[in-house]
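Let's take a walk through a protein model together, one stop at a time. Keep the sequence and the 3D view open as you read.

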Amino acid sequence: MLNRSRIAGRSLVAAALAATLVTVGLTTPAPASAAVSRAELALRWAPIHYQDVDATGSHALGGRSDYITKVDFDGDLNGRNNWDRAAQAGVSFAAHGYYSVVETSTHWYITYLFFHPRDWTDHPFFETEHENDGEGVLFAIERDGSTYGVLRSAVTVAHSSFYSYTPAGSSWTGGQENVDGTLQLQASPHDSFQHPVTAQEAQGHGLKAYPQYNINGDGIVYYPSTVAETPSDGNDRDVRYQLVDMFAAGGLWAQRANASLFANLGTFAGDTSDTCGSGTFSCSTNSANAPWGWDDGDDLPGRGQIATDPAKLSVEYFTIPGTTSRAYTYNPYASEAAALAAAAKTAPAVVD
């Protein structure tokens, strides 16, 4: 979708909210001599994230519709009221990102999800919008004996398409899919690490490696941290976001059968209430997806496998030298493998 006019200004407001979904107690990444936890690993490799912001029209909510936040930003787990509640006073746009880690003996695979309450447009012709929006990225980390491993690749989710990237110097090359570009790394002012850099467009929130998407005018730069900050406005260039473990007790994966939050396995529930679709071409229902519902319709991986079976996706997308284990030593998604495969056969086409 097209990016349009923006607003400016900034100040930071730290947010420590008691919410239904559990935010894990992350600490700063471990020093090189210490064993690393999955939470520390996720924090180490979490992307610096550029979010373009559009303040045009009432559906933009002055730019807030492009802020990343939690699924329960409004204090409940009802996916069908998020469009409406985003416009109300008292809801939180404190910055959060979700993650899950699965492991083999040779690699860590970390999936990151960024959630928006609205996928929106201000254009009346041939463009649709919908309640909720969930897009993200998978990073493959080689376990080379160092504390945090070596970043080898990224696959991003932009609506119903995946895009693959490798950082400079990676030993991975294109496989059955061509590599779409170089994954850049940048230093964070909030820790001592170089982080991969991702970016999302305004309105529809497709996600690619920076600068294939970039801030056009006003926008927000989100940095991984141990706290959640709320942007002061749509041009805040230093906002820290806190990570939420999808596998935490009571977390997003544990809520997968919650009919108020999910319309089916891997698809967020959303309807056409309030102003969704007003003044635009249409509003679609049940159109946003959690990582186990992400799908690229014309590529090899099955629905959700970018998160649930990333070792399979990686050997299909990339040519990987050496030994790559396909056997998971840690993968909570595997408990629902049969249900996910069954749901993929009947689930509607991905719209996000």
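The side chain of Gln51 makes a polar contact with the side chain of His116, at 3.1 Å (a polar contact is a pair of N or O atoms within 3.5 Å; within protein, one must be able to donate a hydrogen and the other to accept it, and residues adjacent in sequence count only if both atoms are side-chain atoms). This is a predicted model, where local features need pLDDT of at least 70 and side-chain atom pairs count only at pLDDT 80 or more, while totals for chains, interfaces and linings use all residues. Residues are numbered from 1 along each chain as its sequence is written, and side-chain values use heavy atoms, leaving out hydrogens and water.

Stay with Gln51 for a moment. A polar atom of its side chain also lies 3.2 Å from the backbone oxygen of Glu201. Is Gln51 buried or exposed? Gln51 is buried, with a relative accessible area of 0% (buried means under 20%, using a 1.4 Å probe and protein chains only). Beyond its neighbours within four places in sequence, Gln51 is in contact with residues including Asp66, Ile68, His205 and Tyr222 (contact means heavy atoms within 4.5 Å).

Now turn to the lining of the largest cavity. Among the residues that line this cavity are Gly134, His159, Trp294 and Asp352 (lining residues have an atom within 4 Å of a point on a 1 Å grid over the protein atoms alone, and a cavity is a set of points where a 1.4 Å probe fits but cannot get out). The lining divides into four nonpolar, three polar and two charged residues (Ala, Val, Leu, Ile, Met, Phe, Trp, Tyr, Cys and Pro count as nonpolar, Asp, Glu, Lys and Arg as charged, and the others, Gly among them, as polar).

Terms used: Buried means under 20% relative accessible area, exposed over 50%, partly exposed in between (1.4 Å probe, protein chains only). On a 1 Å grid over the protein atoms alone, a cavity is a set of points where a 1.4 Å probe fits but cannot get out, and a pocket is an open set with protein on both sides within 12 Å along at least five of seven lines; lining residues have an atom within 4 Å of a point.
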